[in-house]
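Here are a few friendly notes to read alongside the model. Please keep the structure open and find each residue as you go.

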Amino acid sequence: MAVTRKPVVEVRRSQRRRRTVSAYRDGERVVVLIPDQFSRAEESEWVDRMLARLAAREGRLARSDAELLARARRLIGSYLPEYGSAAVPASVRWVTNQNGRWGSCTPADRTIRISHRIQDMPDWVIDYVLLHELTHLIVPSHNAEFWALVARYPRSERARGYLEGVAATAAIP
């Protein structure tokens with residue numbers, strides 16, 4: 001089993017900071033910003049909390065293409081089981097060149113690309129985007145049959161609303 005070592009932590013105390021605590025990575029070091037009045041015990045507690053939060057955030061961002069393909073297979077089994085191999089993509093991958101859409105599918109070569117912008121969104125939103133693109137392998141257009149298949153996902157309307165809200169705040173079409 002690999003041993004993970006604790007990163008170098010720099011604690012910065014601020015007299016202006018009253019209640020909030022924040023942390024960020026600066027190269028190999030983690031900087032934790034805390035109020036000046038915190039005791040050493042509070043400092044230690046908050047350093048541990050903030051290291052855990054950073055690790056969780058970085059774990060979400062480190063989602064791989066292999067994990068995305070495994071997720072796609074689970075979604076096919078749950079929502080498109082009768083389509084079998086027709087719903088299985090040749091590849092599914094995260095891409096950084098999609099800034100105007102959440103995902104895309106090319107039915108001719110059975111490839112799916114998902115924008116890196118959704119990597120830190122909730123799992124149910126990622127599942128929706130992925131199922132949307134998987135459905136294009138079966139129905140290439142956005143017709144009634146397509147939307148009926150996407151609607152099998154119980155959180156589809158909620159995910160669409162979430163994405164519309166994100167797009168509206170970021171002024172993304």
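1. Start with Glu10 and Arg12, which form a salt bridge whose closest N and O atoms are 2.6 Å apart. The term salt bridge here means a side-chain nitrogen of Lys or Arg within 4 Å of a carboxyl oxygen of Asp or Glu. Side chains of opposite charge can pair when their charged atoms come close. Before you go on, note that this is a predicted model, where local features need pLDDT of at least 70 and side-chain atom pairs count only at pLDDT 80 or more, while totals for chains, interfaces and linings use all residues. Residues are numbered from 1 along each chain as its sequence is written, and side-chain values use heavy atoms, with hydrogens and water left out.

2. Glu10 has another partner: Arg29, with the closest N and O atoms 2.3 Å apart. This pair links distant parts of the chain, since Glu10 sits in strand β1 (residues 8-14) and Arg29 in strand β3 (residues 29-35), 19 residues apart. Strands (E, at least two residues) and helices (H or I, at least four) are DSSP runs, numbered from the N terminus. Arg29 is partly exposed, at 29%. Glu10, Arg12, Arg29 and Asp26 are linked in a network of salt bridges.

3. Now find Arg13 and Glu43, another salt bridge, with closest N and O atoms 2.6 Å apart. Arg13 belongs to strand β1 and Glu43 to helix α1 (residues 40-61), so the pair joins distant parts of the chain, 30 residues apart. Arg13 is partly exposed at 29%, whereas Glu43 counts as buried at 15%. In total, the structure holds 11 salt bridges.

4. Finally, look at helix α3 (residues 123-136) and helix α5 (residues 156-170), which pack at an angle of about 100 degrees with their axes 9 Å apart. That makes α3 roughly perpendicular to α5 (65 to 115 degrees; under 35 is roughly parallel, over 145 roughly antiparallel, the rest oblique). Axes are lines fitted to C-alpha atoms, for helices over the stretch in contact, and angles run from 0 to 180 degrees between N-to-C directions.

5. Which residues of α3 meet α5? They are Trp124, Val125, Tyr128 and Val129, and their partners in α5 include Tyr162 and Leu163. Contact means heavy atoms within 4.5 Å.

Methods. Buried < 20%, exposed > 50% of the residue type's maximum accessible area, 1.4 Å probe, protein only.
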